[in-house]
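Hello,

Please find the structure below. My notes on it follow.

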Amino acid sequence: MPRGMKHDGGARPGAPGTFGSRLAGAMAARGPLCVGIDPHPGLLAAWGLDDSVQGLRSFSLAVLEAVAPLAAAVKPQVALYERHGSAGLAVLEELLAASSQAGVLSIADAKRGDIGSTMAGYADAWLRDGSALAADSVTLSPYLGFESLRPALDLAADNGRGVFVLALTSNPEGASVQHVGGAESVAKHIVQAAAVENQRYAGQALGSVGLVVGATVGTALSDLGIDLAAVHGPILAPGLGAQGATGADMRETFGAAYPAVLATSSRGILAAGPDIAALRAATAETLSGL
Ligand SMILES: O=c1ccn([C@@H]2O[C@H](COP(=O)(O)O)[C@@H](O)[C@H]2O)c(=O)[nH]1
């Protein structure tokens with residue numbers, strides 16, 4: 001499809017419906033939890049695994065087995081696969097395929113963002129049918145300008161996949177960029193741009209252009225006058241668990257937008273491993289607090 005032409009947010013062959021509608025269905029059926037798959041060296045050691053490709057594979061497949069029946073989505077942290085080189089990326093490919101087989105949506109936490117011509121390459125890697133690394137959705141960084149993400153926004157729409165664009169991240173340093181502008185903040189601009197993108201998904205339960213807003217942002221949404229309820233897309237909220245946020249904090253932080261919030265926790269759940277039943281119990285307990 002030519003650049004600039006509007007898409008209709010079409011379905012993906014073999015995965016009926018748009019990403020947003022599939023995620024809305026999964027959240028309604030299972031609850032609003034995404035489990036992060038973050039194979040940190042320290043966690044591998046705590047699980048009795050080597051910091052090796054074998055350890056990475058065992059860890060990843062065990063987490064998927066434990067959480068697939070309960071979680072609406074899984075979110076592998078791409079950096080922790082990349083640090084093992086090409087063999088690590090092969091494990092990530094296997095994990096993404098296994099997630100699809102297990103019927104759980106995947107969010108590749110790659111935080112990609114680049115000038116448009118290069119962005120097309122990233123979009124191709126993470127969002128094109130037939131790519132070995134294709135996930136149901138990918139995280140994107142808009143700090144080269146929201147419009148620089150166009151190749152990914154359009155390919156996701158063409159293929160029934162989704163994106164999550166960083167808006168207000170969970171780390172304290174994020175404010176030094178994202179809050180700039182006050183009432184017309186950088187973050188507000190990103191949120192408004194996502195809302196415009198989601199107009200192509202009108203009629204779907206949720207649009208396929210999500211945002212990342214940390215569960216730890218406290219009063220930033222009201223301080224900056226940001227209305228997430230108008231976005232009509234899913235809000236991926238990291239910060240639950242290891243970064244200190246609770247389910248109660250999230251209800252307060254997100255207010256009327258809470259029904260669209262997909263909470264995500266990695267270390268807070270992964271610390272319960274390697275026992276599959278213990279990991280599943282930690283997932284269920286986390287869900288019960290949301
Ligand atoms: O604003 C952001 C964006 C992404 N993340 C990622 O989420 C997980 C959080 O892991 P925890 O162990 O639950 O703290 C990690 O992969 C981050 O890169 C985030 O934390 N904040």
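**Notes on the model**

The UniProt record, an unreviewed entry, places the feature "domain: Orotidine 5'-phosphate decarboxylase" at residues 32-282. UniProt positions are given in the numbering used here, feature names are shortened, and annotations may be inferred rather than shown by experiment. Residues are numbered from 1 along each chain as its sequence is written. This is a predicted model: local features need pLDDT of at least 70, side-chain atom pairs count only at pLDDT 80 or more, and totals for chains, interfaces and linings use all residues.

The pLDDT, the predictor's confidence in each residue from 0 to 100, averages 94 over the protein, and 95% of the residues score at least 70. The ipTM is 0.99 and the pTM 0.95. Over residues 1-11 pLDDT stays under 50. Where pLDDT is low, the predicted coordinates should not be read in detail.

The span 32-282 is 41% helix and 17% strand, and its end C-alpha atoms lie 15 Å apart. Helices (H or I, at least four residues) and strands (E, at least two) are DSSP runs, numbered from the N terminus.

Helix 3 (residues 53-67) packs against helix 13 (residues 276-288) at an angle of about 55°, and their axes are 8 Å apart. Axes are lines fitted to C-alpha atoms, for helices over the stretch in contact, and angles run from 0 to 180 degrees between N-to-C directions.

Which residues of helix 3 meet helix 13? They are Ala62, Val63, Glu65, Ala66 and Val67, and they meet Ile276, Leu279, Arg280 and Thr283 in helix 13. Contact here means C-beta atoms, placed from the backbone, within 7 Å.

Regards

Notes: Contact = placed C-beta atoms within 7 Å.
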